[in-house]
Amino acid sequence: MAAPRPYPDGVASAAALAPSARTILIIEDEATIAAAVAARLRSEGFSVEIAGDGPVGVDRCRQIHPDLVVLDLMLPGLDGLEVCERIQADRPVPVLMLTARDSERDLVVGLGVGADDYMTKPFSTRELVARVHALLRRVDRDRAEGAGTTGSATVLVGEVMLDPATRRVTRNGEVVHLTPTEFDLFAFLAAAPDRVFTREELLAEVWGYEVVSGGRAVDSHVRAVRHKLGNNLIRTVHGVGYALDDAGVQ
Ligand code: CA
């Protein structure tokens with residue numbers, strides 16, 4: 001991992017990225033689970049808010065701009081899938097999704113809804129905190145790397161333009177909202193066109209830590225990127241993995 005680099009304006013520093021500066025929104029209707037997770041995260045120095053249903057969660061997300069969202073799948077009002085879509089449409093925010101069963105998780109992973117990680121209930125709050133830290137570290141690393149490339153050329157892939165500095169993506173000039181993981185995955189593949197990466201390599205390079213859903217998480221995010229940016233950009237190499245399709249975009 002690269003050493004953290006200062007932000008371009010020199011204002012933000014490591015201090016600004018300390019856990020105490022971070023806000024986490026928990027969207028969960030089971031009050032005991034929400035309270036246990038909140039207590040644990042607060043003890044880690046995070047500022048935590050709880051929303052008890054989907055619509056309130058979407059509203060709070062727009063108001064407080066959390067650094068990360070812990071999102072329950074089964075919610076009254078709006079379910080977690082819709083909530084995830086709505087909060088990601090406004091701005092990319094890392095989402096850790098909670099599901100009641102492994103089968104439910106697999107189903108959701110298969111849909112490519114744009115959550116960055118998943119946990120199945122019952123889980124240990126210690127494990128949840130570890131995952132929250134891992135996700136935030138990854139976002140920090142990406143921001144630092146983006147800042148380090150300020151002024152460097154944007155990446156053009158067919159009709160899709162990626163700006164690593166701002167993490168903005170446009171397709172035919174229109175802004176496309178990618179989740180943090182979707183952006184990282186696509187940027188990683190785009191940096192080495194035509195090179196085939198295995199799912200394991202992508203997990204190691206893009207996620208940077210163990211995800212429970214493993215290779216399926218990669219498949220899920222590839223599906224989501226294709227859905228948003230076009231089917232011809234990422235090639236499936238059966239039995240191996242994925243590559244940015246240089247031929248397909250010309
Ligand atoms: Ca629930």
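**Entry 1, calcium site.** I looked up the calcium donors, and along the chain they follow the spacing D-x42-D-x1-M. They are Asp29 (OD), Asp72 (OD) and Met74 (O), at 2.1 to 2.3 Å. I counted as donors N, O and S atoms within 2.8 Å of the metal (3.2 Å for Na, K and Ca); water is not among the atoms, so the site may look incomplete. The model is predicted: local features need pLDDT of at least 70, side-chain atom pairs count only at pLDDT 80 or more, and totals for chains, interfaces and linings use all residues. Residues are numbered from 1 along each chain as its sequence is written, and side-chain values use heavy atoms, with hydrogens and water left out.

Asp29 lies in the loop between strand 1 (23-27) and helix 1 (31-43), and Asp72 lies in strand 3 (residues 68-72), 43 residues apart. Helices (H or I, at least four residues) and strands (E, at least two) are DSSP runs, numbered from the N terminus. I find Asp72 buried at 3% relative accessible area and Asp29 partly exposed at 35%. Buried is under 20%, exposed over 50%, partly exposed in between (1.4 Å probe, protein chains only).

I then traced an open sheet of three strands, order 10-12-11, with antiparallel pairing. Pairing requires at least two DSSP bridges between two strands. Strand 10 (197-198) and strand 11 (234-237) are the edges, each pairing on one side only. Strand 11 and strand 12 (residues 241-244) are joined by four bridges in the antiparallel sense. Ile234 stands opposite Leu244 in strand 12.
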